[in-house]
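Student: I have a chain to go through with you. Let us work by question and answer.

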Amino acid sequence: MLALLFALLQPLACHTVDSDWIHGQDLAKAVPALATIAPDAKISPSPLPGQQRVFHVPELQRIARAYRLPGESAEDICFAWATAVPDRKQIEAAMQKTLAGRNAQIEIVESSLLGVPKGEMFFPLTGLTLVTNQGATMWRGYVQYAETRRFPVWARVVLTVTEQHVVAAKELAAGEVLDKNDLKVENYQGPLLRETYLSSPEQAEGMKVRSMVRAGSPLLELMLETPYEVNRGDLVNAVVENGAARLEVQALAESSGRKGQVISLRNMRSGRSFHGRVEEKGTVLVVPGGQFGLAVEAKKS
């Protein structure tokens, strides 16, 4: 009696799965009597890692009948993912991949001890808790496994980076277009910051400052924007092209735009409004639908 009870309490030796679904071929390996089920037949969704999907004898009998098979299973069978606790080298490698080019030093203080399925590990910057000092911070990631699933992993880490930051050499006014004299480079060593700081003056030269920046402040990508080729109030050459014919009319820009954008313009002689696509600084190509009206106005003038 004790031997029977002990056997009943023993966990089943599970077969491993490596897909979102338990297929016919998986059942066939576990139950030879079901070997003629189509290999790609979807029998049941796979369990979550750390859990089991148990097929009890009555269920196996129903499956056999559904596929018109005479064989039966004499015992329950189960399926589970093969899992392993990720080692710290694996975790650090995934973090370094995210931080490529950041010259980062990573000290893993603590990490998840749950077994994870086999797959590629990711630690996106969006999973990093905001760093305010040199202390350890939480970084959440995941393992991509099967076709579509993710299994969470985490680690508490101390992250230190050594890199260059472009900083404002003087106070920068909103709308100011930068040149090299407005910028300088300083070395930074400290906690990893989630924001993307500029590391080379070439990234900022010719860009426009969105809002005022104090002298000595590091520049973020989001602080800058590409300046307009045409600004509202500029006088531009509005060009109409029709085959080999080309007509130019001076126009006033009623809106601002960058290369490729469509802006509103006004014929300086007639006062009529039309639209044009910015080609380069000071030049706009009249868009289809506006050519006829502009040409007529130009001829009248």
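Student: In which strand does Val278 lie?
Tutor: This is a predicted model, where local features need pLDDT of at least 70, side-chain atom pairs count only at pLDDT 80 or more, and totals for chains, interfaces and linings use all residues. Residues are numbered from 1 along each chain as its sequence is written, and side-chain values use heavy atoms, with hydrogens and water left out. Strands are DSSP runs (E, at least two residues), as helices are (H or I, at least four), numbered from the N terminus. Val278 lies in strand β18.

Student: Is Val278 buried or exposed?
Tutor: Buried means under 20% relative accessible area, exposed over 50%, and partly exposed in between (1.4 Å probe, protein chains only). Val278 has a relative accessible area of 1%, so Val278 is buried.

Student: What is Val278 in contact with, and how far is its C-alpha atom from that of Lys259?
Tutor: Contact means heavy atoms within 4.5 Å. Leaving aside neighbours within four places in sequence, the contacts of Val278 include Glu229, Val230, Ile263, Thr283 and Lys259. Lys259 is 19 residues from Val278 along the chain, yet their C-alpha atoms are separated by 4.9 Å.

Student: Which residue in the turn between β17 and β18 has a positive phi?
Tutor: Two strands pair if DSSP finds at least two bridges between them. β17 and β18 (residues 273–280) pair in the antiparallel sense over five bridges, and Ser264 stands opposite His275 in β18. The two strands form a hairpin with five residues between them, and the residue with a phi of about 80 degrees is Gly271.

Student: Which side chains of β17 point to the buried face?
Tutor: In a regular strand the side chains alternate between the two faces of the sheet. Strand β17 (residues 262–267) alternates in this way.

Student: What is the bridge partner of Ala253 in β17?
Tutor: Strand β16 (residues 245–253) pairs with β17 in the antiparallel sense over three bridges. In β17, the partner of Ala253 is Leu265.

Student: In what order do the five strands close into a barrel?
Tutor: β15 (residues 235–242) and β19 (residues 283–286) run parallel and are joined by three bridges, with Val239 bridged to Leu285 in β19. The pairing in the barrel is mixed. The twist averages 55 degrees from one strand to the next. The order is β15-β16-β17-β18-β19.

Student: How far apart are the ring centres of Phe55 and Phe79?
Tutor: Rings of Phe, Tyr and Trp (its six-membered ring) pair if their centres lie within 6.5 Å; planes under 30 degrees apart are stacked, over 60 edge-to-face, the rest tilted. Phe55 and Phe79 are edge-to-face, with 90 degrees between the planes. Phe55 is in strand β4 and Phe79 in strand β5, 24 residues apart. The centre-to-centre distance is 5.8 Å.

Student: Why is the pair of Trp81 and Tyr145 edge-to-face?
Tutor: The ring centres are 5.0 Å apart. Both Trp81 and Tyr145 are buried. The pair is edge-to-face because the planes lie at 90 degrees.

Student: Which residue lies over the face of Phe55?
Tutor: A charge sits over a ring if NZ of Lys or CZ of Arg is within 6 Å of the ring centre and within 35 degrees of the ring normal. At 4.0 Å from the ring centre of Phe55 lies Arg53.

Key
Axes are lines fitted to C-alpha atoms, for helices over the stretch in contact, and angles run from 0 to 180 degrees between N-to-C directions.
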